[in-house]
Amino acid sequence: MKKASRAMVWLRRDLRLHDHRALAAACASGAQVFVAFVFDTTILGKLDNPDDLRLTFIHDSLAEVDAALRVRGARLLVAHGDPVEAIPRLAKSIGATSVWTNKDYEPSAVARDNAVAAKLKAAGVAFTALKDQVVFEEREVLTRTGGVYKVFTPYRAAWLSALGAVAGSGTASDAVRACDPDLDALAACGAEAVRGKTLDDWPLERLGFRRRELWIAPGMRGAKQLLARFRPKVADYETARDRPAPAAEEPDGTSGLSAHLRFGTLSIRECVRLALATRGADTWLSELVWREFYQMIFSQTPELAAGRPYKPETAGIRWPGTDEHFAAWCEGRTGYPIVDAAMRHFNRTGWMHNRLRMIVAMFLVKDLLVDWRKGEAYFARHLLDFDFAANNGGWQWSASTGCDAQPYFRIFNPIGQSERYDPDGRYLRSELPELAACADREIHFPHAKGRNPRAAAYPLPLVDHGLQRMKAMGLFQAR
């Protein structure tokens, strides 16, 4: 009887065992399937914070994958090193004739995958990468003349047209149909196959990181629980999404799923299917399309990874903001409560509400006049849900250097934003206890008329918003 071939599925941004394109394809290939993960030292070596929240999220998510594999007599194979060397070595150790994975579109990841594919090919091992982290990738959604969309609204219309379904219709397009693998194809792992290659061999401490408490449950179960919590609120997303909630209270109107989408503990297709099945979910569906828009832009403009503004005409702007102001912004002591509350919450949890991300980003760039790249890098270092395309896209949107039809003189008033989206100051008080004695009418800018004795411990504002607004517009006008 002919011995079954062996295949290996390499997990990266897809830490789950359901609705998983590469795993489903490998299981359907007729091979015995092994599942593997590599702690990539080319990435870990650049992380200088031993308390990085992302490592706890990843490690705990992998532990859940491993537990699910154990139920079937399999194990998650784990390596530590450069994937260009580690993946061919793992494949050889189990006798795999094929390696399957889901695509990653960042320039460094593309280069890595090309190098892995070349090494595997030289060893006679096939390498297949499939689309999974987006519904439509790269150049799948184009203008009528075959060009790349540079503005979101027409891209969204074309994306929805390509999907062939509308929110609330209950219709599932083939593009978002579930890809559930037949896990009976998983190979039972004997002691030889897993010796020295399991998650038990790589605890967080050995990787150089400490376990942190997370604000959300990681892994497939965590994603399922959060999606279940959000499901009855999807239709109210448009009206509820902009108001941040105190951390100790009921979660705000956002889905909170960004970290799960980033690390693939949840499938983007499952989210789109939910939106399509729910009347009133158009706004949430649009947010999912924004994610795809930024991924598309990045895949077609890889030089963004080198700090280039998307609008070349803004490349000559010299941002005069100071290091002292940047440090005050990072630490949440600008004298503008909505900015400071958001930054303090962020520094503690690695999470920031989407409306607050726009407010603090625009304040850094257009009030403090600090180069947007500094803020982008700070978020990249601390965000639990850090994704380069989304982070870069959001910062360039706020800085008016990116894909945005609105002109540069769109500048948020942080006081007005605070009054509109946290009118009773509940969120502000939860993060800024030194403002507890302030009345609702004054908490949004307590030192408006000079030092307020009810906010004596709170810093005076670093800048005058009206004056800085004019300076910001002058920077763009003079470029």
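Q: In which element does E137 lie?
A: This is a predicted model, in which local features need pLDDT of at least 70, side-chain atom pairs count only at pLDDT 80 or more, and totals for chains, interfaces and linings use all residues. Residues are numbered from 1 along each chain as its sequence is written, and side-chain values use heavy atoms, with hydrogens and water left out. With helices (H or I, at least four residues) and strands (E, at least two) taken as DSSP runs numbered from the N terminus, E137 lies in the loop between β5 (126-130) and α6 (152-163).

Q: Is E137 buried or exposed?
A: Buried means under 20% relative accessible area and exposed over 50%, with partly exposed in between (1.4 Å probe, protein chains only). The relative accessible area of E137 is 11%, so E137 is buried.

Q: Which residues does E137 touch?
A: Contact means heavy atoms within 4.5 Å. Not counting residues up to four places away in sequence, E137 touches K103, Y105 and K131.

Q: At what angle do helix α4 and helix α5 pack?
A: Axes are lines fitted to C-alpha atoms, for helices over the stretch in contact, and angles run from 0 to 180 degrees between N-to-C directions. For α4 (residues 83-94) and α5 (residues 107-122), the axes are 9 Å apart and the angle is about 35°.

Q: How many residues does the largest nonpolar core have?
A: A nonpolar core is a set of buried Ala, Val, Leu, Ile, Met, Phe, Trp, Tyr and Cys residues joined through side-chain atoms within 4.5 Å. W329 is among those with the most contacts inside the largest one, whose number of residues is 155.
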